[in-house]
Amino acid sequence: MKQKISGCFRTFDGAGAFCTIRSYLETLRKQGVDLLHALVQSFQGKTPQPTMG
């Protein structure tokens, strides 16, 4: 899942993208959302949004 070379991410932008995606999925997981379904929806252009609360 992580693309690393010698213990470091390849680029700063790549590390930022990884952190954004990981944070998004962790938020959905904590809210009880099926992550596989959420990813499929995302690739279909229907990205599920976490609830605020």
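A polar contact is a pair of N or O atoms within 3.5 Å; within protein, one must be able to donate a hydrogen and the other to accept it, and residues adjacent in sequence count only if both atoms are side-chain atoms. Keep that in mind for a later stop.

This is a predicted model, in which local features need pLDDT of at least 70, side-chain atom pairs count only at pLDDT 80 or more, and totals for chains, interfaces and linings use all residues. Residues are numbered from 1 along each chain as its sequence is written, and side-chain values use heavy atoms, with hydrogens and water left out.

**Whole chain.** Start with a cartoon view: you will find two helices and two strands, in the order β-β-α-α along the sequence. Helices (H or I, at least four residues) and strands (E, at least two) are DSSP runs, numbered from the N terminus. Of the 53 residues, 11% are buried, meaning under 20% relative accessible area with a 1.4 Å probe, protein chains only.

**The helix pair.** Now select H1 (residues 12-30) together with H2. Their axes, lines fitted to C-alpha atoms over the stretch in contact, come within 10 Å and cross at roughly 130°. The angle runs from 0 to 180 degrees between N-to-C directions. That makes H1 oblique to H2, the class left once angles under 35 degrees (roughly parallel), over 145 (roughly antiparallel) and 65 to 115 (roughly perpendicular) are set aside.

Which residues of H1 and H2 meet? Show Tyr 24, Leu 25, Leu 28 and Arg 29 in H1, then Leu 35, Ala 38, Leu 39 and Ser 42 in H2; contact here means heavy atoms within 4.5 Å.

**The loop.** Next, pick Val 33, in the loop between H1 and H2. Val 33 counts as partly exposed because its relative accessibility is 31%, between the 20% limit for buried and the 50% limit above which a residue is exposed. From C-alpha to C-alpha, Val 33 lies 9.2 Å from Pro 48, which is 15 residues away in sequence.

**Both ends of H2.** Zoom in on the start of H2 (residues 35-43), where a side-chain oxygen of Asp 34 reaches to within 3.2 Å of the backbone nitrogen of Leu 36. Finish at Gly 45, which follows H2 and has a positive phi, near 85°.
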